[in-house]
Amino acid sequence: MNPPSSRPGMATLWPLCLDAAGLRRVKPRPAASAAGALVRQPGTGWQLQGDWDLAAAELFALYKPLLDWQAGDPPCVLGHLGQSLDGCVATHTGDSCFVTGSDNLVHLHRLRALSDAVLVGAGTVAADNPRLTTRRVAGPHPVRVVLDPSLRAPPEARVFTDDAAPTLLVCDARLGAEAAARHGAGRVLALPGLMGEDGELALAAVVGALHERGLSVLFVEGGGVTISRFLTQGLLDRLHLAVAPVLIGSGRPGVQPPTATWMKQALRPPCRIVRMGPDVLWDLNLRD
Ligand SMILES: NC(=O)c1ccc[n+]([C@@H]2O[C@H](COP(=O)([O-])OP(=O)(O)OC[C@H]3O[C@@H](n4cnc5c(N)ncnc54)[C@H](OP(=O)(O)O)[C@@H]3O)[C@@H](O)[C@H]2O)c1
């Protein structure tokens, strides 16, 4: 058995991450000198200083893009999906409790805590009735955003009724009045020309409208359809794909990228892997 590490780990890092997220909108602080610190340097963003344990250092690299966002930067959009080995995010009935293990669920809650807003599709609200709050770690709840082009998310869903955090329902302006009647005008972000003739939402307009409201660090939490559309429309900076050692069979599909005819056309972004308990998380860098 390995001796316990004397190097600082996640218990030290997490409060520093929350502090760094809170400092996103202010000028860089001068580098601190203490070992085991988190410092922001002009040009390179937040960095770990000192000798951290490996698990904390690996996790920090996953959160760094969210921490580094500063006023004046374009929005930062990160997606996450927990998939089975056979590429499903839920069973065919929509049950997804749970695909990945508890380490990955803690990671999800950390992503929520570090983001201005968490986005999900109407299918996830209908199937899961999620809260989308930060409960497994310390940290603020993000604004909750539901993409609901057909107004099928039930008004009694927890995100609309629990008052734990603000919730916005996004739809085309043509449905704005109906959405306001159901959910209250203050909860509706109705955007003109959002829905194309093909029924596809112009997601760049959603990202832009949230950015205008000061919601610039965006975490797209699913489901498979929503993540795939963000990916296909070229809007994800990062995609965290957590692959769990489970086989579901004919379930709800996970990420579906644009189809490649030839292997040379297939998306093969730079990536790193991080072990999360029994799961393997692939951190895909879709920007560089
Ligand atoms: N394992 C995981 O990581 C994870 C995470 C989240 C959810 N889930 C599971 O995933 C399942 C739901 O996923 P899903 O893929 O079926 O649905 P989803 O992605 O949650 O929602 C898809 C719906 O959102 C709307 N939408 C989102 N983006 C759109 C766009 N660009 N253009 C048009 N419409 C858009 C459409 O609504 P309309 O159809 O109403 O037009 C679309 O059908 C549930 O079973 C849930 O439990 C798993």
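1. A pocket is here an open set of points, on a 1 Å grid over the protein atoms alone, where a 1.4 Å probe fits and which has protein on both sides within 12 Å along at least five of seven lines, and a molecule sits in a pocket if more than half of its atoms lie within 2 Å of its grid points. With those terms, the space taken by the ligand is the largest pocket.

2. The model is predicted, so local features need pLDDT of at least 70 and side-chain atom pairs count only at pLDDT 80 or more, whereas totals for chains, interfaces and linings use all residues. Residues are numbered from 1 along each chain as its sequence is written, and side-chain values use heavy atoms, with hydrogens and water left out.

3. The ligand is surrounded by 28 residues, a residue being counted if one of its heavy atoms lies within 4 Å of the molecule; the closest are Thr124, Asp128, Arg152, Val225 and Thr226. By class, this shell holds ten nonpolar, twelve polar and six charged residues, where Ala, Val, Leu, Ile, Met, Phe, Trp, Tyr, Cys and Pro count as nonpolar, Asp, Glu, Lys and Arg as charged, and the others, Gly among them, as polar.

4. Taken alone, the ligand exposes 930 Å², of which the protein buries 88%, with areas from the Shrake-Rupley method and a 1.4 Å probe.

5. Two or more residues of the shell come from each of β3 (76–84), β4 (88–90), α4 (122–128), β9 (217–222) and α8 (224–232), and α4 gives the most, with five. Helices (H or I, at least four residues) and strands (E, at least two) are DSSP runs, numbered from the N terminus.

6. A cis peptide bond, with omega about -5 degrees, joins Cys97 and Phe98, and Phe98 lies in the loop between β4 and α3 (102–114). The bond from Gly222 to Gly223 is also cis, with omega near -5 degrees, and Gly223 lies in the loop between β9 and α8. Leu132, in the loop between α4 and β6 (143–147), has a positive phi near 60 degrees.

Methods:
1 Å grid on protein atoms, 1.4 Å probe; cavity = no way out; pocket = protein on both sides within 12 Å on 5 of 7 lines; lining within 4 Å.
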